[in-house]
Amino acid sequence: MESYIIAEIGINYNGLLENCFKLIDVAAKAGCNAAKFQYFTAKGMYPKSAGKLDWKDAEKEYSYDIYEAAKTFELPSDWIDDIIGHCQSRNIDFLSSVMEPCGVDYLIEMGMKRIKLSSYVLTNLPLVEHCAKTGLPIILSTGGSTLSEVDDAVSNILLYNNKLSLMHCSIKYPTVLQDCNVGVIETLQSAYPDLAVGWSDHTSEVWEAPVQAVYVGAKLIEKHITLDKKMEGPDHFFALEPDELKLMVEKIRQAEVDYANGNVVIDKTIYGNTAKTVYPQEKYLRDFCFMKLYAAQDIKAGDVITPYMVSVLRPGKKEHGLEPKYIKLFQNYRVTAKKDVNFEEPITWEVIL
C-alpha cells in the first residue's frame, strides 16, 4: 500500500494566488497525493496583545508583531473555490488545516473532503469534537503532546467518527535528525492498532526522515514545500524546492518496496526514542501555540460568564488561560466571575473559583 504524501504549502504562497497554483502544480508533478494549505484568521488564532516574535534563519534576524504577522498570512476566503478547482484539475486532493469551527464549516461548504488538524489544536477538544461530528476523515498531528493528550483527542473523535489517522512529528522548525524520534510511530501504532499513523517531517533534509518513517510503518508523509528557499517568510528555508520534492517522493516509493520485501535498514539516530511525550526542543512552541482560554470582552466580577465571552486562542507571549476543554463549564453551568478580567486576559481558575 502506497503512503499518502501531503505537500504542505501552508503560508509559502507569499500572498499570491498565482503562487498557490504554481505550488499545487509542483506537488502534483512530483506525485504527491494532496496539496495542503492553512486556513485561519488572525483574530481566531492570537490575541492582539500576543506580543512580538523574534527569530532568525540562516541569513537574517526578524522581529515582528505576532498578531499583525498572522494577518498577513491569512488565506483569503474568496480564493478557496479557485484553489480547490485547481487541485481538481491537477488530480490532487485539496487539504487544509483548520483553527476555528466556522472555518471548518466554510471549507466543507466549499468542497473540502478531508480535515487536517495541526498539533497546536490537539488539546482544543471543542474544535476536535466539532470536526469529528462532520463525519469527514480527519488527519491529526500530535507533535509536542503527551500520549494522554493524544488519547483525549482520539477518544473524542472516535465517539463520532472512526475515519481517523494520526501524524507523529516534532514541533521544532527545522527538526534536526536526532530529534525526529520516528520510533514514536511504532508507539502510536501499538496504542491505536486500528488507525493509520504517519510522519509530518520538519527536517531540512530531503528524504532521510521520511524514508525511515516508512521503514517503521508510516502510512502518511507530510513535508513543507516552496518555490524557492530564499523567498521571504518563516517556512521557506527548511521547505523542499520542486526538484527536492520529486526526489523525496521517489525515495519514499522505493522505501515502500523495500519495506514490503523486508529490506530495511533502521538508522538508530533518526529512530531515536519511542516515548510519546513533550521533548525539550518542543517546549517553546508548545507554550507559544497550544490554545488556551482568554476573555473575548471585559468581564466584571459578578458577571455570569457565557461561552460567547470566552475565546480559544494561541497564547503567543501571554500568560496561559485554562485548557479549551473547560469552555464547557460556561456552556453547562452558571459560572460567575470572582474578579474583573479585561479583554484578552487569560481565563484562569482564580477568575472562577
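Which elements each supply at least two residues of the lining of the second largest pocket? They are α5 (125-133), β12 (310-313) and α12 (328-332), and the views below take in that pocket and three other spots. This is a predicted model, so to speak: local features need pLDDT of at least 70, side-chain atom pairs count only at pLDDT 80 or more, and totals for chains, interfaces and linings use all residues. Residues are numbered from 1 along each chain as its sequence is written, and side-chain values use heavy atoms, with hydrogens and water left out.

**View 1. The second largest pocket has a volume of about 600 Å³.** A pocket here is an open set of points on a 1 Å grid over the protein atoms alone, where a 1.4 Å probe fits, with protein on both sides within 12 Å along at least five of seven lines; lining residues have an atom within 4 Å of a point. The volume is the space filled by probe spheres set on the points, which are joined across faces, edges and corners. Of the 26 lining residues, E100, V310, S311, V312 and I327 lie nearest the centre. Strand β12 gives the largest share of this lining, four residues. Helices (H or I, at least four residues) and strands (E, at least two) are DSSP runs, numbered from the N terminus.

**View 2. The largest pocket holds about 1,000 Å³ of space.** It has 44 lining residues, and Y120, Y173, D235, L285 and C289 are the closest to its centre. Elements giving two or more residues to this lining include β2 (34-39), α2 (66-72) and α11 (283-289).

View 3. Buried here (under 20% relative accessible area, 1.4 Å probe, protein chains only) are E149, V150, A153, V154, N156 and I157.

**View 4. F21 sits in helix α1 (residues 17-30).** F21 is partly exposed, at 24% relative accessible area (the class between 20% and 50%). Leaving aside residues up to four places away in sequence, F21 touches D82, I83 and H86. F21 and D82 are 61 residues apart along the chain, with their C-alpha atoms separated by 9.0 Å.

Definitions and conventions:
Contact = heavy atoms within 4.5 Å.
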